[in-house]
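Hi everyone, thanks for making time. I'd like to walk you through one protein, so let me put it up on the screen.

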Amino acid sequence: SGRAIDVNVAALTRSKRVHVEVRAPGERTLDGEDIGTLRLGAIETEAQRCLDCGCVAVNASDLAAALLAVDARVRTTTRTLPAEDFFAAGVMSSTVLAPGELVTEILLPEPPPGTVSGYQKFRIRGSIDFPIVGVATSLTFDDGKIAAAKVALGAVAPKPLRVRDVEKFLVGRTPDEETADVAGILAVKNAQPLAGNEFKLQIVKALLKKAILAAARR
């Protein structure tokens with residue numbers, strides 16, 4: 001299901017933050033509400049804590065996973081590249097855009113006849129909310145079977161992921177309950193969940209199953 005992602009082991013444990021002093025309400029004034037700043041030693045401690053923790057943020061873009069599933073290409077002011085290569089997990093960026101480089105076009109190839117594309121999203125609030133898990137699919141059907149498949153996951157890693165093991169498995173199969181269940185298992189077999197987000201594995205399996213069966217009905 002794509003390349004393994006290295007996780008900083010320091011991100012798997014909690015560390016104490018620096019205590020910030022707060023004045024009692026009766027002691028606050030217009031020019032002295034709280035303590036102005038941390039002492040130098042406390043600042044250095046907090047900065048080191050931040051550097052050591054490791055970032056485990058996910059790419060929460062709905063569009064990113066969808067672009068991967070439809071084999072989109074991104075054209076910038078200097079180059080054109082596949083959407084899968086456009087998104088990245090940099091220190092200060094989520095794309096490979098260089099300073100001053102801008103996106104000018106999104107190129108979408110015409111899908112083959114019999115193709116059904118869709119996006120399934122699990123979130124807490126309305127549709128505008130960030131996804132907890134997103135599953136984008138593009139399935140091409142021929143005589144009741146899946147002739148080609150593209151599947152991408154969002155909000156489960158620092159960048160959207162194509163799950164090629166699932167894509168290979170789906171080709172040539174009937175999109176029934178059994179096929180959808182096995183596809184879900186394959187989608188998470190190489191996952192490396194953290195202590196607080198293992199529940200996402202079940203959501204991935206449920207959404208992928210829903211996506212496959214919904215595409216078959218269409």
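Let's start with one side chain: is phenylalanine 86 buried or exposed? Phenylalanine 86 counts as buried, because its relative accessibility is 7%. By buried I mean under 20% relative accessible area, with exposed being over 50% and partly exposed in between, using a 1.4 Å probe and protein chains only. Phenylalanine 87 counts as buried too, at 12%.

Before I go on, a word on where this comes from. This is a predicted model, where local features need pLDDT of at least 70 and side-chain atom pairs count only at pLDDT 80 or more, while totals for chains, interfaces and linings use all residues. Residues are numbered from 1 along each chain as its sequence is written, and side-chain values use heavy atoms, with hydrogens and water left out.

Back to those rings. Rings of Phe, Tyr and Trp (its six-membered ring) pair if their centres lie within 6.5 Å, and planes under 30 degrees apart are stacked, over 60 edge-to-face, and the rest tilted. That rule gives 1 aromatic pair. Phenylalanine 86 and phenylalanine 87 have ring centres 5.2 Å apart and planes at 85°, so they sit edge-to-face.

Now the overall layout. The protein has 6 helices and 7 strands; these are DSSP runs, H or I of at least four residues for helices and E of at least two for strands, numbered from the N terminus. Of its 218 residues, 33% count as buried.

Next up, helix H2, residues 62-69. Its buried residues are Ala64, Ala65, Leu67, Leu68 and Ala69. What covers them? The cover includes helix H3 and strands E3, E4, E5, E6 and E7. At the start of H2, a side-chain oxygen of serine 61 comes to within 3.3 Å of the backbone nitrogen of leucine 63. After H2 comes aspartate 71, with a positive phi near 60°.

Last stop, strand E5. Here 9 of the 10 residues are buried, so E5 is largely enclosed by the rest of the structure. Strands count as paired if DSSP finds at least two bridges between them. E5 pairs with E4 in the antiparallel sense over 8 bridges, and valine 116 stands opposite leucine 139 in E5. E5 also pairs with E6, again antiparallel, over 9 bridges. The hairpin of E5 and E6 has 2 residues between the strands, and aspartate 143 there has a positive phi near 55°.

Note on methods
Contact means heavy atoms within 4.5 Å. A polar contact is a pair of N or O atoms within 3.5 Å; within protein, one must be able to donate a hydrogen and the other to accept it, and residues adjacent in sequence count only if both atoms are side-chain atoms.
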